Amino acid sequence: MFLVVHAPVGALMGMWVGQPLAAFALGVASHALLDIIPHGDEHLTDHLPPAARVRRIFLYGSIDAVCMAVVLVAVLGSWGMDVPTIGILAGISGGVLPDILQGVSELFPGNRALRTYQRVHHFFHCEIIRYESSFLVGMVTQCAMLAVALWGITAFGGTYAY
Ligand SMILES: [Zn+2]
């Protein structure tokens, strides 16, 4: 699932619990749970040769990161914050770290630890629910998840002290 979905959910975790370590752990857990839902982008670059695949992943990742930044600025603005708290930063970090590690693992395909990590990440993506949605259905799913996250942010954003 794209960072533009993972990051605001991580922010919500951070705002919810406040404590940085717990926020980070919940951010990572939220990432894993969201990745279980079939979301259409699991095999976007599988057809490309390795070098082109890495370039394409970083192109998509860059576009995703810009969208994520726009959404996070809007989220923080809705909470009346110019600067996120450490807990919110930790939640965002936990929410996006698994995909950043995935990107790093593409740069170092010979690294054994990163290959193991790729298998774990792949397990959450493709093994728990063995259904692959089309790209279009996946984008609708991701937009729906983002809408739910933004609803949660709006509904609960002022509920907890930060
Ligand atoms: Zn992921």
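This is a predicted model: local features need pLDDT of at least 70, side-chain atom pairs count only at pLDDT 80 or more; totals for chains, interfaces and linings use all residues.
Visitor: What about the largest nonpolar core, how many residues does it have?

Guide: The largest nonpolar core has 24 residues, and Trp-79 and Ile-88 are those with the most contacts inside it. At least two residues each come from helix 1 (3-17), helix 3 (50-78), helix 4 (86-107) and helix 6 (135-156).

Visitor: And which helix gives the most?

Guide: That would be helix 1, with 9 residues.

Visitor: Switching to the metal, what coordinates the zinc ion?

Guide: His-31 (NE2), Asp-35 (OD), Asp-99 (OD) and His-121 (NE2) do, at 2.1 to 2.2 Å. Asp-35 in helix 2 and His-121 in helix 5 are 86 residues apart, so this pair links distant parts of the chain.

Visitor: Are those two buried or exposed?

Guide: Both Asp-35 and His-121 are buried.

Visitor: What angles do the 4 donor atoms make?

Guide: They run from 87 to 179°, and the site is irregular.

Visitor: OK, salt bridges. How many are there?

Guide: The whole structure has 3 salt bridges. Asp-46, Arg-53 and Glu-106 are linked in a network: Arg-53 meets Asp-46 at 3.2 Å, N to O, and Glu-106 at 2.8 Å. Glu-106 lies in helix 4 and Arg-53 in helix 3, so that pair ties together parts 53 residues apart in sequence.

Visitor: Is Glu-106 buried or exposed?

Guide: Glu-106 counts as buried, at 11% relative accessibility, whereas Asp-46 is partly exposed at 42%.

Technical notes. Residues are numbered from 1 along each chain as its sequence is written. Side-chain values use heavy atoms; hydrogens and water are left out. A nonpolar core is a set of buried Ala, Val, Leu, Ile, Met, Phe, Trp, Tyr and Cys residues joined through side-chain atoms within 4.5 Å. Buried means under 20% relative accessible area, exposed over 50%, partly exposed in between (1.4 Å probe, protein chains only). Helices (H or I, at least four residues) and strands (E, at least two) are DSSP runs, numbered from the N terminus. Donors are N, O and S atoms within 2.8 Å of the metal (3.2 Å for Na, K and Ca); water is not among the atoms, so sites may look incomplete. Four donors count as tetrahedral if all angles lie between 85 and 135 degrees; four count as square planar and six as octahedral if opposite donors are over 155 degrees apart and all others between 65 and 115; anything else is irregular. A salt bridge is a side-chain nitrogen of Lys or Arg within 4 Å of a carboxyl oxygen of Asp or Glu.
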